[in-house]
Amino acid sequence: MLGPMIVCYLFLGGTGAGACLVLAVLGLLAPRERVAVAIDGARGSVSRRSSPRVVLRVPEPYRKLLAPGYAAALVTLALGMVFLLADVGRADRVLLLLANPTLSFVAVGAWSLAACAVLAALAALAWGGFARRASLRAVRVLAVALAVAALVVMAYTGLLLQSLSAVPLWASPWLPVLFVLSSLSCGAALVLAVAQFTGAARTFATALGRLAAADAVVIVLEAVVAAVFVGLALAGIGGDFVAGRTAEALAVSAEALVAGEAAWLFWGGFVLVGLAVPLVLDAVLARPRSVCPPLAIAAAACILVGGFAMRFCVVEAGMHPLLAMTVG
């Protein structure tokens with residue numbers, strides 16, 4: 001069954017992909033006149049009949065915000081891959097999976113994760129000023145492709161568990177939705193934290209305040225979806241499992257999640273630290289001209305802790321009845 005390595009993989013993959021999505025949107029919303037200049041006719045090398053070519057010119061504030069953000073997202077994705085390899089135990093199995101693609105969730109997830117990492121690396125180089133001849137149009141096309149790949153990875157982390165039909169708790173259609181929202185919130189938290197450490201937060205106080213407000217909305221949606229997910233599980237409703245031994249296993253998983261030995265981690269780590277506290281902090285950070293690095297870093301840390309706690313609790317609660325039945 002799934003071990004701690006897979007939990008780390010699901011968390012890091014989702015967080016890195018969420019950060020890539022947030023950064024891609026920020027890059028697409030960047031004012032065109034601030035990040036690019038027309039070089040048509042520069043040094044007399046371009047014909048007057050040729051159409052203007054707009055190239056990327058990264059001002060220092062954007063370099064401090066987007067380049068380190070993409071670098072952090074890339075490191076997070078890479079660590080997720082490391083935990084996946086550690087769990088698989090043999091790198092040749094992953095290479096074989098990439099060399100012989102199928103339509104399975106595992107294969108699609110592996111390819112989307114690899115694509116997301118490659119595109120994030122290219123974006124980091126572009127916004128870091130290393131791709132001097134990159135056109136603005138190409139960079140924006142790259143951002144759109146990265147956003148699509150990130151969405152696939154975010155959804156995949158939940159669909160992977162849902163595809164394991166032997167586990168009733170994971171069969172719920174609300175699980176992928178919960179993982180997508182959590183990944184988006186964790187990604188926003190990573191971007192907000194990086195902006196504080198690089199000093200870009202002061203320059204982009206308004207934009208990051210709006211990001212904090214958007215994250216607050218995501219947290220509210222995440223709380224609602226989590227409540228629906230847990231409530232249906234306690235009622236014995238989960239996917240196609242509504243009767244027999246699967247209904248019993250679903251009930252056992254739900255009880256383990258909210259009242260079992262690790263319930264303190266679910267209520268304390270996820271609900272309190274990962275949802276309630278960041279919601280309050282995001283409301284403060286969303287106020288106009290609100291710049292408070294310690295508060296922003298604390299909110300980001302709480303969100304990341306809560307995101308990991310949620311995945312750990314869901315995985316452990318799902319496996320609990322299976323282990324009990326195996327022993328029995």
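Analyst: Here are the labels, each set against its cut-off. This is a predicted model, where local features need pLDDT of at least 70, side-chain atom pairs count only at pLDDT 80 or more, and totals for chains, interfaces and linings use all residues. Residues are numbered from 1 along each chain as its sequence is written, and side-chain values use heavy atoms, with hydrogens and water left out.

User: What makes up the secondary structure of the chain?

Analyst: Twelve helices and two strands. Helices (H or I, at least four residues) and strands (E, at least two) are DSSP runs, numbered from the N terminus. Along the sequence the pattern reads α-α-β-β-α-α-α-α-α-α-α-α-α-α.

User: Why is Cys-186 called buried?

Analyst: Buried means under 20% relative accessible area, exposed over 50%, partly exposed in between (1.4 Å probe, protein chains only). Cys-186 has 1% relative accessibility, so Cys-186 counts as buried. Cys-186 lies in helix H7. Cys-186 touches Phe-11, Thr-15, Ile-303, Leu-304 and Gly-307, leaving out residues up to four places away in sequence. Contact here means heavy atoms within 4.5 Å.

User: What makes H1 parallel or perpendicular to H7?

Analyst: The angle decides. Axes are lines fitted to C-alpha atoms, for helices over the stretch in contact, and angles run from 0 to 180 degrees between N-to-C directions. Angles under 35 degrees count as roughly parallel, over 145 as roughly antiparallel, 65 to 115 as roughly perpendicular and the rest as oblique. The axes of H1 and helix H7 (residues 174-198) cross at roughly 65 degrees and come within 7 Å. That makes H1 roughly perpendicular to H7. Residues in the contact include Leu-10, Gly-14 and Leu-26 of H1 and Phe-179, Cys-186 and Val-191 of H7. By class, the contact of H1 with H7 has 13 nonpolar, five polar and no charged residues. Ala, Val, Leu, Ile, Met, Phe, Trp, Tyr, Cys and Pro count as nonpolar, Asp, Glu, Lys and Arg as charged, and the others, Gly among them, as polar.

User: How do you know whether H9 is parallel or antiparallel to H11?

Analyst: The axes of helix H9 (residues 205-234) and helix H11 (residues 263-285) cross at roughly 150 degrees and come within 8 Å. That makes H9 roughly antiparallel to H11. Among the contact residues are Asp-215 and Glu-222 of H9 and Asp-282 of H11. By class, this contact of H9 with H11 has 13 nonpolar, one polar and three charged residues.

User: What makes a set of residues a nonpolar core?

Analyst: A nonpolar core is a set of buried Ala, Val, Leu, Ile, Met, Phe, Trp, Tyr and Cys residues joined through side-chain atoms within 4.5 Å. The largest one has 96 residues, of which Tyr-70, Trp-127 and Trp-170 touch the most other members. Its largest share, 14 residues, comes from helix H1 (residues 4-29). Tyr-70 touches residues including Cys-20, Leu-23, Trp-127 and Leu-146. A second, separate core of five residues includes Leu-281, Leu-285, Ala-296 and Ala-299.
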